[in-house]
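Take a first look at the model below.

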Amino acid sequence: MKYVSTLLLLLVLAPTGRSQTSFPVARPQRPIPAVEHIVIVSIDALRPDLALLADMPNLRSLLKQGAYTFWAKTTAVSITLPSHTSMLTGVTPQKHGIEWNRDLPFSEPVYSNVPTVFEMAKRVGYTTALVAGKSKFNALCKPGTLNWVFVTREVKCDNAEVLVNAVKIIEEKKPDVLFVHFPDADGVGHAKGWGSPEQLACIEKTDRQLGELLAAMERAGMRSSTFMIVTADHGGAGFSHGADDARSRHIPWIAVGPGVRKNFDLTSSASLEVHTEDTCATACYLLGLPQAPYFDGKPVTAAFELAP
């Protein structure tokens, strides 16, 4: 009997494979029970001052509904794949090991050295989904960690294709944990320049697509029970972005949802500096998952009305 119990436990905790879903798993106790879904939206290359300069009514409405800072920091390398991996694992690139920024011809897939938030959430029975507009995001799609995935088969696709697939997953699946990546502003920045009229127009269009994403959450009955973070992987200057340049490293970080302070500027606490690794740590906190001892990020508890 002891052998059978041990075998069942191993199957439940297995990080990959379908067998883990064969046995019901008791979900952890959550600090804010009203939070039933986590949605993380990354607008690739959204430099904070451009978010304020552009006409972004949907993003501005989130500021009034939640807690925010336009002085958050991404990784020192300030490039897409390492920064997104840090966002979704809670550790720096030196720890997660994804230090390149393109699809590489490995003979076998290479994934992060530490689990993503999807893997940690799925182990305890949450459903997970990822929608991304660049093929390099396959590095975040470790088998068995995501229930639903859309990653473009091309090097990249546009925001419209990301939106269609994200809306479909939201309305049909209502995942517990969802990540959505909008790629367009980055491509326009590289082609036309950061802060160019073309990039500002693209950012404004992205805001309308953010509004459509929010509308899909409303139709699915998820909006009132969702904690949402809207952020970015990096900023940029000129026609690129790079290592430890303040114009590349600063990102917006906006949190809305049950229990979140409204219209609250997180810079009101001089000692608080939000980092991209905090996104994963905050999601884990709300899911009732333990803070891994190796995390570099910390939950942004100052964002909540009843901060511990």
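## Helix 3 and its buried side

Which residues in helix 3 (residues 57-65) are buried? They are Leu59, Leu62 and Leu63. Buried means under 20% relative accessible area, exposed over 50%, and partly exposed in between, with a 1.4 Å probe and protein chains only. Helices (H or I, at least four residues) and strands (E, at least two) are DSSP runs, numbered from the N terminus.

Seen down the axis of helix 3, the buried residues fall within an arc of 105°, so they line one face of the helix. The arc is that of the directions from the helix axis to the C-beta atoms. An α-helix has 3.6 residues a turn, so residues three or four places apart point the same way. The cover over the buried residues of helix 3 includes strand 2 (67-73), helix 9 (197-219), strand 6 (226-231) and strand 7 (250-256).

## The model as a whole

This is a predicted model: local features need pLDDT of at least 70, side-chain atom pairs count only at pLDDT 80 or more, and totals for chains, interfaces and linings use all residues. Residues are numbered from 1 along each chain as its sequence is written, and side-chain values use heavy atoms, leaving out hydrogens and water.

The protein chain has eleven helices and eight strands. Of its 308 residues, 55% count as buried.

## Two partners of helix 9

The axes of helix 3 and helix 9 come within 7 Å and cross at roughly 60°. That makes helix 3 oblique to helix 9. Axes are lines fitted to C-alpha atoms, for helices over the stretch in contact, and angles run from 0 to 180 degrees between N-to-C directions. Angles under 35 degrees count as roughly parallel, over 145 as roughly antiparallel, 65 to 115 as roughly perpendicular and the rest as oblique. Pro57, Asn58, Leu59 and Leu62 of helix 3 meet Asp207, Arg208, Leu210, Gly211 and Leu214 of helix 9. Contact means heavy atoms within 4.5 Å.

Helix 8 (residues 184-192) packs with helix 9 at about 175°, with axes 9 Å apart. Helix 8 is therefore roughly antiparallel to helix 9. Here Asp184, Ala185, Val188, Gly189 and Lys192 of helix 8 touch Glu198, Gln199, Cys202 and Ile203 of helix 9.

## Asparagine 159

Asparagine 159 is found in helix 7 (residues 159-173). It counts as buried because its relative accessibility is 1%. Beyond neighbours within four places in sequence, asparagine 159 contacts Phe182, Pro183, Asp184, Thr206 and Gln209.
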